[in-house]
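Dear colleague,

Please find below the structure that I am handing over to you.

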Amino acid sequence: MFGSRVAVNGLSLTVNRGEIFGFLGPNGAGKSTSIKMLLGLVRPTGGNAEVLGTPTGDVDARRQIGFLPEDFRFYDWLTATELLHLHGRLCGMSARRLRTRVPEVLELVGIAQHADRRLRGFSKGMLQRLGLGQALIHEPQIVFLDEPTSGLDPMGRRMVRDVIRAQRDRGATVFLNSHLLSEIEITCDRVAFIKDGEVIANQDLRTSSPEGFHVTAQVGNLPPAAVAQLAGLVRAPRYEGEQLTFGVSSQDVLPEIVRLLVASGADVYRVTPEPLSLEDLFVKLVGEDRGL
Amino acid sequence: MSGIWIMAGVTLREAARRKILWTAMLAAVLLLAIFAVALRFQVLEFEGRPMSPFVRYQVESGMLMIGLYTCDLLAVVMTILTSIDTLAGEISSGTIHAIATKPIARWQILAGKFLGFTAMVTAYVAITFWSTVAVAFVVTGVLPEHPFHGMVLIIAECIVALSVTFLLGTRFSTLTCGVLALGLQGVAFMGGWLEQVSGFSQSTQIVTLGVFSSLIMPSESLWRRAAYEMQTPLAGSLSFSPFANVSIPSMTAVVYAGGYFVFMLGAAMYSLHRRDL
């Protein structure tokens with residue numbers, strides 16, 4: 001519950017160690033609230049959750065947790081170096097370790113040249129980079145990133161992608177919450193879709209593309225009876241002009257469909273199957289009218 | 001515990017780098033300058049006419065109390081204004097998310113900030129208080145009766161106001177928090193004056209109302225106790241002034257203020273611990 005409104009209800013998901021997990025959903029679906037519950041910032045009215053085997057909110061367990069809040073901001077009178085020192089010390093790092101770690105992190109997130117500038121003069125993108133830096137300063141086992149590419153230019157997005165992969169390579173788990181489906185598609189091992197506070201689908205992006213293919217075919221003289229016949233074999237067939245579009249779950253059915261078209265007397269010039277993108281799946285699951 | 005010290009350190013650094021403390025310090029310097037000039041004019045005026053040293057001492061002591069009262073008011077207002085945003089602002093802007101997810105308990109965040117502000121307020125009061133005393137001594141040769149007791153009570157008054165501001169900051173926006181904290185300070189001020197009225201009014205209802213106001217917000221009663229400690233016995237007997245000792249807050253009132261502070265700080269910690277961020 002969030003105030004008097006139910007933000008998350010019946011949310012059930014498992015994130016495995018060492019994977020990059022994407023959390024997708026439209027605005028107001030409960031993504032940020034879910035992250036906040038996992039971090040102990042918000043108390044659920046019911047249910048339980050564990051992070052790294054300990055109940056959420058456990059203070060000591062936070063040594064192994066990094067978090068980049070959505071729209072990161074901090075004391076604007078600090079310099080970038082001071083901010084990372086402060087967060088490192090809060091994570092229990094020694095001043096000696098921080099002397100080498102802070103320049104490393106500033107380099108990693110691409111703001112080493114602004115190390116001694118105060119945050120007051122930072123752009124949104126620079127703040128976001130610094131926010132990512134504070135989430136990683138103590139090399140946590142799990143990193144929660146809430147819209148990490150928000151406000152970043154294309155180079156910044158690539159940097160975030162590289163940083164996320166580097167976390168996986170060192171064995172850390174990344175929990176990524178984003179609207180940018182293409183980013184998630186490139187980066188994540190697994191995704192979960194959340195709508196109205198409930199997980200409505202899971203997808204492993206390492207082993208399969210999201211639910212089949214979208215097929216576009218150039219077909220002439222297609223009789224209406226053949227279109228009706230197609231409806232039994234494919235999803236949502238549409239024929240306009242000379243363009244026939246439909247969806248299939250596997251490319252294996254395509255030869256049979258071409259045979260059917262030819263047998264009906266149609267002229268088949270071209271058949272192009274395209275894997276369904278995460279965006280197609282997202283729209284299908286969440287509904288076009290909800291908006292991103 | 002180290003988290004508390006880290007937060008206290010960053011709070012102190014914040015105070016030093018933001019303009020508000022230095023603005024308050026500048027205000028104190030201006031008031032001190034006006035105070036010094038006024039005192040000097042008074043001394044010159046006294047030198048121009050025959051005057052009993054006893055009366056002269058009483059008047060100059062009274063003027064010193066005015067200076068210290070100004071110093072006290074400025075310290076309380078500065079305490080409220082500098083601390084008003086520290087929790088409320090960070091909660092509403094989400095700045096606190098990056099800290100509250102670190103391995104530090106929420107009560108430690110609050111305790112650290114509180115310690116930082118306490119150190120800042122203590123330094124501010126010490127500087128302005130002793131500067132006022134020094135100016136008065138240099139110009140007139142007069143010293144307050146128990147300056148150390150007085151200073152500690154003024155610092156305690158600021159810390160009580162700070163605990164109220166912190167509690168409000170865990171639940172309200174910066175603006176609401178500021179209005180409520182200054183409003184409560186107004187209640188305390190009114191309570192103090194109502195109790196003073198008892199100097200020539202026999203209305204027990206007025207006194208009761210004054211005591212009730214002081215129970216709601218006991219900061220002003222700490223000042224009145226400070227004034228009692230610092231002024232000459234004769235000055236205290238002049239009934240209608242902010243410094244009169246017609247109804248001196250007893251040690252019970254001071255202990256009550258201590259209990260009030262502990263309750264407010266504890267409630268602030270609990271409130272921050274329980275709320276969603």
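**Salt bridges and model basis**

Over all chains, the count comes to 15 salt bridges, a salt bridge being a side-chain nitrogen of Lys or Arg within 4 Å of a carboxyl oxygen of Asp or Glu. Please note that this is a predicted model, in which local features need pLDDT of at least 70 and side-chain atom pairs count only at pLDDT 80 or more, while totals for chains, interfaces and linings use all residues. Residues are numbered from 1 along each chain as its sequence is written, chains are lettered from A and ligands numbered from 1 in the order in which they are written, and side-chain values use heavy atoms, with hydrogens and water left out.

Within chain A, the side chains of Arg190(A) and Glu19(A) form a salt bridge at 2.8 Å, N to O. This pair links distant parts of the chain: Arg190(A) belongs to strand β7 (residues 190–195) of chain A and Glu19(A) to the segment before β1 (20–24) of chain A, 171 residues apart. Helices (H or I, at least four residues) and strands (E, at least two) are DSSP runs, numbered from the N terminus. Arg190(A) counts as buried at 14% relative accessibility, and Glu19(A) is buried with a relative accessible area of 2%. Here buried means under 20% relative accessible area, exposed over 50% and partly exposed in between (1.4 Å probe, protein chains only).

In chain B, Arg56(B) and Glu60(B) meet in a salt bridge through their side chains (3.1 Å, N to O). They are 4 residues apart in helix α3 (residues 53–93) of chain B, so about one helical turn separates them. Arg56(B) counts as partly exposed, at 24% relative accessibility, whereas Glu60(B) counts as buried, at 4%.

A further salt bridge joins Arg225(B) to Glu229(B), with the closest N and O atoms 3.3 Å apart. Both residues lie in helix α9 (residues 219–230) of chain B, 4 residues apart, about one turn of the helix. Arg225(B) counts as buried at 12% relative accessibility, and Glu229(B) counts as buried at 15%. Elsewhere, salt bridges that share partners join Glu82(A), Arg13(B) and Arg17(B) into one network.

**The interface of chains A and B**

Chain A and chain B bury about 2700 Å² between them, 61% of it on carbon and sulfur atoms; buried area is the accessible area (1.4 Å probe) that two parts lose on being put together, summed over both. Arg43(A), Trp77(A) and Leu90(A) supply 28% of the area that chain A buries against chain B, more than any other three residues. The contact (heavy atoms within 4.5 Å) takes 25 residues from chain A and 26 residues from chain B.

The rule finds 2 salt bridges across this interface. Arg13(B) and Glu82(A) meet in a salt bridge through their side chains, at 3.8 Å, N to O. On the side of chain A that touches chain B, α1 and α2 (80–90) of chain A each supply at least two residues. α2(A) gives the most to that side, with 5 residues.

Helix α1 (residues 31–39) of chain A is mostly covered, with 8 of its 9 residues buried. Among them are Lys31(A), Ile35(A) and Leu39(A). Gly40(A) follows α1(A) and has a positive phi, near 80°.

**The four-stranded sheet of chain A**

An open sheet of 4 strands in chain A has the order β10-β11-β9-β12, with antiparallel pairing; two strands pair if DSSP finds at least two bridges between them. β10 (235–240) and β12 (267–275) of chain A stand at the edges with a single partner strand each, so one side of each is left without a neighbour in the sheet. Strand β9 (residues 213–220) and strand β11 (residues 243–248) of chain A run antiparallel and are joined by 6 bridges. His214(A) has Gly247(A) as its bridge partner in β11(A).

Ala266(A) sits in the loop between α8 and β12 of chain A and is buried, with a relative accessible area of 8%. Leaving aside neighbours within four places in sequence, Ala266(A) is in contact with residues including Val219(A), Leu222(A) and Leu261(A).

With kind regards
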